[in-house]
Amino acid sequence: MVTVDVKLHQERAEQDLPLPRLVIGGKDVTDTSGGLYEHRNPATGLVQSHIPLAGPTEVDQAVAAARRAFEVWGTMRPAERRRLLTRFAQLIRDHIEDFAAICPLENGVCIGGWAENVGPHVADWTEYYAGWADKIEGMVGAAYSPHENVEYTIAEPYGVIGHIITWNSPALSLAMKVPPSLAAGNTVVIKPAESTPFSALLFADLAREAGIPDGVINVVTGLGDAGEALVSHPGIDKISFTGGPATARRIMETAARSLKPVLFELGGKSANLLFADTDLDSVVPYCAAFAMSNTGQGCALPTRMLVERSIYDEVVARVAGVVAHLPVGDPLEPTTYIGPLINSAARDRVQDMVDKAIADKAGRLVYGGERIESDGYFVTPTVFADVDNRSDLAQREIFGPVLAITPFDTEEEALALANDTEYGLSAYIQSRDIGRVNRLVPRLKAGTVYVNPGPNPITSPATPFGGVGISGFGREGGRAGLEEFISVKGVGISRA
């Protein structure tokens with residue numbers, strides 16, 4: 001039984017959550033056409049807020065506001081955009097504790113782990129892209145003599161970008177998408193999930209305080225009809241979406257009608273390859289805990305552990321010991337590592353997948369599996385060994401605290417197991433053999449490969465992040481993340 005201080009959660013919600021609303025053209029909108037959404041606290045199951053939802057009407061208003069603001073923001077001197085974005089980043093850094101306070105109430109993220117790192121990451125990403133704002137350049141071609149023709153390129157913003165952000169880490173999703181869009185000169189319409197609007201509202205409030213013009217950032221929380229209206233709107237020039245492949249396919253179908261470009265950062269089933277030469281004392285605790293971070297609700301988490309057979313039994317025993325000691329409970333308790341899932345549907349889905357894996361003998365249960373009695377949306381962290389790599393346990397994204405472990409005998413077998421999936425977001429290698437690392441990195445089917453990673457390896461603003469296969473396409477982070485929001489115009493001038 002997980003116990004939660006309901007009164008404390010209610011008091012914190014009243015104190016820490018921003019006023020539910022839309023933000024359109026710098027104005028707060030509470031009277032909306034999409035109705036109200038009952039936001040339930042994931043730890044208690046109780047309604048703690050009513051969220052006004054955008055319908056197509058509000059989406060249209062937000063796009064119109066963004067287009068008007070683009071006439072100001074898109075033509076602003078890049079150095080001025082840099083100054084405003086740098087001030088925005090500093091304000092985010094000044095409000096790190098506010099982002100952390102929102103997380104446990106918004107989606108159940110633990111205050112003592114993931115939540116306390118959210119604000120610094122958002123500030124880092126915003127600051128990084130602020131620095132790019134006045135360094136976007138074209139180039140001069142050399143195909144002809146300058147005495148005959150001059151050919152060059154201009155790097156231009158697209159116009160208005162529609163950002164559909166994820167619910168599992170909404171503030172980080174915002175930071176990975178919005179700052180590069182703004183640095184390039186675009187304006188944005190953000191559609192958060194109906195279950196996680198609060199981080200986006202704080203983000204928009206701080207942008208306004210920083211002096212970013214009204215309408216540059218608009219927030220329209222909504223359901224599927226709002227998303228459809230955003231994707232299909234003729235005033236939206238590109239869509240950036242983080243979520244699941246099923247929703248991405250629907251977005252792509254809609255965007256295809258007008259041949260609108262899209263960027264997709266989707267799910268993953270990331271393999272973590274542990275070789276016998278690795279340092280088990282440091283690697284196993286890190287890898288076991290990292291797979292369970294954010295209660296397993298992370299697209300790039302290493303949820304498939306592939307272990308060389310000579311160390312396999314020892315690793316399985318060590319992993320079970322680590323997971324058994326990860327505290328499960330109230331996300332407002334600083335010592336808690338594993339909190340609730342986002343909602344009751346997620347809890348039931350994850351538990352059903354665990355029950356099915358046990359019934360189908362998809363793997364050997366070595367820890368967890370039992371149901372937790374609670375009014376909140378908790379599941380027991382669970383570890384399976386000897387997992388069949390063709391089973392749902394190994395092939396489907398569970399998005400909960402469930403780790404699958406499979407042995408391998410050779411480097412080639414490890415590579416084959418790692419690549420035997422439709423996903424291709426991230427992969428991990430634990431080995432001190434640099435020759436092996438250099439052999440494996442180019443052959444792993446993944447958008448990003450992390451070798452012997454330390455804490456928080458997937459959120460560096462300077463490293464491009466994204467997937468292949470059904471994990472999507474396009475990149476967030478680094479110069480590649482900036483270029484997603486730049487349209488290159490070619491210019492040729494002939495001598496008169």
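This is a predicted model: local features need pLDDT of at least 70, side-chain atom pairs count only at pLDDT 80 or more; totals for chains, interfaces and linings use all residues.
Residues are numbered from 1 along each chain as its sequence is written, and side-chain values use heavy atoms, leaving out hydrogens and water.

Start by selecting residues 280-292, which form helix α10 (helices are DSSP runs of H or I, at least four residues, and strands are runs of E, at least two, numbered from the N terminus). Color L280, V283, V284 and C287: they are among the residues of α10 that are buried, meaning under 20% relative accessible area, with exposed over 50% and partly exposed in between (1.4 Å probe, protein chains only). Now step just past the helix to N294, which takes a positive phi of about 55°.

Next, jump to P157 in strand β5. Show F70, A184, G185, N186 and F485 around P157; P157 touches these, not counting residues up to four places away in sequence (contact means heavy atoms within 4.5 Å).

Now for the charges. The whole structure has 30 salt bridges, each a side-chain nitrogen of Lys or Arg within 4 Å of a carboxyl oxygen of Asp or Glu. Pick E411 and R436, whose side chains meet in one (3.4 Å, N to O). E411 lies in helix α14 and R436 in helix α15, so the pair ties together parts 25 residues apart in sequence. Both E411 and R436 are buried.

Last stop: select R21, D28, D205 and R208, which are linked in a network of salt bridges.

Terms used
The expected span of a helix is 1.5 Å times one less than its number of residues.
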